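Q: I am new to this structure and would like to learn how to read it, one feature after another. Could you take me through it slowly, giving the general idea and then the case at hand?

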Amino acid sequence: MNDIRVLVVEDEPLLAEAHAAYTERVPGFTVVGVAHTARAAMAALRANDGGEVDLVLLDFRLPDLHGLDVCRALRAAGSSVDVLAVTSARDLAVVRTAVSLGVTHYLLKPFTFAAFRDKLERYADYRVQALADGEVAAQHDVDRMFATLRGATGHSLPKGLDAQTLTRVRAALADGSTPEAGLSATEVSTATGTSRVTARRYLEYLVTVDRAVRQPRYGTPGRPEVEYRPR
């Protein structure tokens, strides 16, 4: 699947730059534009007839128009582009309206890169399911899609694995891998402070749920070492 194309809408230039940099650090995402006002964002999205933008990272407190009004304008124009709110707005009325306008995620400022990455990864999981061909086979398929957006995994982790360590392993894998090379279990164990055996168990689990790929690493003495990369 091609990278998910992101438009960053943020009026503070330094924050816009930071959000764009964060996005580019998450595998599978690429920034195709940055807008500092609602007007600039709408202009960029009006030129989106060819599908150049898949996801908008939208600040709600823009200087010329509230982000919710941007959402309303998009929906009124028939746009189905997905929106991830990146905002300091904590008013429950704003949250409810965002949900009613189809905002997929709501990320409160300030936030860590780990929290930001988690939202994008969950959106990517949802998008893979939502863009599949055909029909859903049963209710549990629909439930799984909604669970992905809510942050649930849709299934329990195997006995002996916990969500916190899994998050650390995924973060280490995402931060340390490149398109040319992944990380070994030893390298992941060093990055996460776990044993090599523990790191390998989590890495193999990520392979089984199609969140990582395993491949041999050549160029080292003896048998090829196994390395992992995020999918």
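A: Helices here are DSSP runs of H or I with at least four residues, strands are runs of E with at least two, and both are numbered from the N terminus. This is a predicted model, in which local features need pLDDT of at least 70 and side-chain atom pairs count only at pLDDT 80 or more, while totals for chains, interfaces and linings use all residues. Residues are numbered from 1 along each chain as its sequence is written, and side-chain values use heavy atoms, with hydrogens and water left out.

Q: How many helices and strands are there in the protein, and what percentage of its residues count as buried?
A: The protein has nine helices and eight strands. A residue is called buried when its relative accessible area is under 20%, exposed when it is over 50%, and partly exposed in between, using a 1.4 Å probe and protein chains only. Of the 231 residues, 42% count as buried.

Q: Which residues do ring pairs link into a cluster, and which charged residue sits over the ring of Phe113?
A: The cluster linked by ring pairs consists of Tyr22, Phe111, Phe113 and Phe116. A charge is said to sit over a ring if NZ of Lys or CZ of Arg is within 6 Å of the ring centre and within 35 degrees of the ring normal. The charged end of Arg25 sits over the ring of Phe113, 3.8 Å from its centre.

Q: Where is there a cis peptide bond?
A: In general, most residues other than glycine have a negative phi, and most peptide bonds are trans. A cis bond joins Lys109 and Pro110, with omega about -10°. Pro110 belongs to the loop between strand E5 (103-108) and helix H5 (113-130).

Q: Which residues of helix H8 are buried, and which are exposed?
A: In H8, which covers residues 185-192, the buried residues are Ala185, Val188, Ser189 and Thr192. Seen down the axis of H8, they fall within an arc of 100°, so they line one face of the helix; the arc is that of the directions from the helix axis to the C-beta atoms. On the other side of H8, Thr190 and Ala191 are exposed. With contact meaning heavy atoms within 4.5 Å, the buried residues of H8 pack against helix H7 (163-176), strand E6 (183-184), helix H9 (196-208) and strand E8 (225-230). After H8 comes Gly193, whose phi is positive, near 75°.

Q: Is Thr23 buried or exposed, and what does it touch?
A: Thr23 lies in helix H1 (residues 13-25), and it counts as buried because its relative accessibility is 0%. Leaving aside neighbours within four places in sequence, Thr23 is in contact with Val6, Phe29, Val31, Leu57, Phe116 and Leu120.

Q: Is Arg117 buried or exposed?
A: Arg117, which is in helix H5, is buried, with a relative accessible area of 6%. Not counting residues up to four places away in sequence, Arg117 touches Val26, Ala171, Ala174 and Asp175.

Q: What joins the side chains of Glu204 and Arg214?
A: A polar contact is a pair of N or O atoms within 3.5 Å; within protein, one must be able to donate a hydrogen and the other to accept it, and residues adjacent in sequence count only if both atoms are side-chain atoms. The side chains of Glu204 and Arg214 are joined by such a contact of 2.4 Å. Glu204 is in helix H9, and its C-alpha atom is separated by 8.2 Å from that of Arg214, ten residues away along the chain.

Terms used. Phe/Tyr/Trp six-rings, centres within 6.5 Å; stacked < 30°, edge-to-face > 60°.
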